[in-house]
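Q: Could you take me through one part of this protein slowly? I am new to reading structures, so please connect each step to the next.

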Amino acid sequence: MEYKVLYRKYRPDNFNNIVGQDYTITILKNAIINKKIAHAYIFNGPRGTGKTSTAKVFAKTINCENPQNGEACGKCNSCLNIKNNPDIIEIDAASNNGVDEIRELINNIKIAPSYSKYKVYIIDEVHMMTQSAFNALLLTLEEPPEHVVFILATTNIESVPITILSRCQKFDFKKISNEVIKDRINYICKEEKINITPEAVDEITYLSEGGMRDALSILDQLSSDTNNIDIDLIINNFGSVPNIVIDNIISAVEDNDLNIIKDNINKMKNSNVDYKVFIKKMIDKLSLKAFSNDNKISLDKIKNLVFDLVKIINNYNININPFILIELTLLEYLDNENIVTDKKEENTKIISREIILDENKSQEKEKNEENKTNISKNNNEFVKIRMNNCFVNAKKESLKFAKENLKKIIENNLDNTFLNSMLIDSSVVVASDDIYILSCKLDSTVNLINLNKTMIEEKLNNVKIAAITDDEWLSEKQIYINNIKNGYNYEIKPEIEENNKTIKKEEKIIEDSIEDIAEKIFSNDKIEIE
Ligand SMILES: [Zn+2]
């Protein structure tokens, strides 16, 4: 891929070409016209808003031999040689050389400029300098030589020491407005003979978040292989999502339309859409909704949904399709009493989480029936071994402790929607000190827990877990009781991963009655023995 580097090609070479920072430019031009040049400036603002470009134009203009109304003439020696001017020194404080360069600059600062009026030091990302570099810079700023001008640029002014700030004239660079970015994209596309649809211009503008450099860099990448840019190209290359999809989903939440949400989210599960872009667009749209008058959902609901979506971005660190979490979150905002669905047999009062989990299961089935069977076979095997090993050392005290332990995990991880959605729907039914067996109402919850057991085990301080359905548990419990009745001795079996090792366990002598044993292992509310 060959980028045209549009940002550099279209970098402004005078104040008139700098877009979106009119106020700052006016003040700087007036300073030049009135010959009131300060010794230090600090340009503060988000990335890509023109700080470095402005610094370069300012350096060029104050060194111009014949400035016209605050603009460089473009014809004098200084203007013509601006690219090779040794008196304009750029330092990137974010790079490793920052400190050395600052030291060198301090050493050379007293030497007069080679052939310009001013030696101009442009220090980019100045907040990244070390404390010792700041100290050195401060000494210079306290007594600056007559011919020196500093322009410090930063995206994070809070990290610049106040002692430095107090010696600089400060300018705030604003995010560039959408209209200005759109105009610039259209202008450049015309110059570069790129065909671009209005929808695509809007989308690039959205993705650039008020940064011109980002907008042009996106345009660069999109135009590297083609001169025709449309919305599909952007969706494929940048994981964006069409606004119409966002509108549809939000309307569906308002109308309690389960199927529209599921259809749209399902499409995204199998697409290139970046869930973070999706969530960001949802939040932007919801925020707009909050200020409009025609809300079908309450302000509280909007606020909570926004926070829940933000939580997904902050907590997402597991290997599962993030759109499953998004779907779960959205469905929680449906009014269960009034869900619109065209599946007649579906119980409209069913808990939304359950609907979606069942749906996921049937989709997986459709996707790969064969593979699925294998997975559950393996899962089944590991569950059986763990259940057996749990029975060997199961105690009622362990069960009580396990239940408390699980409750604590949920309380301590309230932000982890995914973890909670699994654990809230399950309960420990039998436990030893190091193995818990969880029972759940739904197959889908069982599968999720078994697939993500490592994550849960870490939270449980490496107690091992396995999940089964409530129905399975009823029959397993019966089998266990029958086995004990028939004198069967449970022995520790090796886990699947350690097939080659065999762990021998001392024979367990059963002296207690069946009822006593059962009573020892199961809690009272679960036990049913005739
Ligand atoms: Zn000039």
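Are Lys29 and Glu71 buried or exposed?

A: Happy to! Please keep in mind that this is a predicted model. Both Lys29 and Glu71 are buried. These two residues form a salt bridge, and their closest N and O atoms are 3.8 Å apart. The pair links distant parts of the chain, since Lys29 sits in helix H2 (residues 22-33) while Glu71 belongs to the loop between helix H3 (51-63) and helix H4 (77-80).

Now let's look at the zinc ion. Its protein donors are the SG atoms of Cys64, Cys73, Cys76 and Cys79, at 2.2 to 2.4 Å from the metal. Along the chain, the donors follow the spacing C-x8-C-x2-C-x2-C. What about the geometry? The four donor atoms subtend angles of 99 to 120 degrees around the zinc ion, so the arrangement is tetrahedral. For comparison, the ideal angle for four tetrahedral donors is 109.5 degrees.

A search of the whole structure finds 20 of them. Lys280 forms one with Glu209, with the closest N and O atoms 3.6 Å apart. Lys280 lies in helix H14 (residues 275-291) and Glu209 in the loop between H9 and H10, so this pair ties together parts that are 71 residues apart in sequence. Lys280 is partly exposed, at a relative accessible area of 30%, and Glu209 is partly exposed too, at 42%.

Another salt bridge joins the side chains of Glu495 and Lys464, at 3.4 Å from N to O. Here Glu495 is in the loop between helix H23 (470-485) and helix H24 (514-521), and Lys464 is in strand E10 (residues 464-469), 31 residues apart. Glu495 counts as buried at 7% relative accessibility, whereas Lys464 counts as partly exposed at 32%. Both residues belong to a network of salt bridges that links Arg386, Glu457, Lys464 and Glu495.

Finally, a step back to the whole chain. The protein chain has 24 helices and ten strands, and buried residues make up 47% of its 530 residues. Among contacts with a separation of 6 or more, 74% come from residues 24 or more positions apart.

Definitions and conventions:
Residues numbered from 1 in each chain as written. Predicted model: local features only at pLDDT ≥ 70, side-chain atom pairs only at ≥ 80, totals over all residues. Heavy atoms only, no water. Donors = N, O, S within 2.8 Å, 3.2 Å for Na, K, Ca; no water. Tetrahedral: all angles 85-135°; square planar, octahedral: opposite > 155°, others 65-115°. Helix = DSSP H or I, 4+ residues; strand = E, 2+ residues; numbered from the N terminus. Buried < 20%, exposed > 50% of the residue type's maximum accessible area, 1.4 Å probe, protein only. Contact = heavy atoms within 4.5 Å. Salt bridge = Lys/Arg side-chain N within 4 Å of Asp/Glu carboxyl O.
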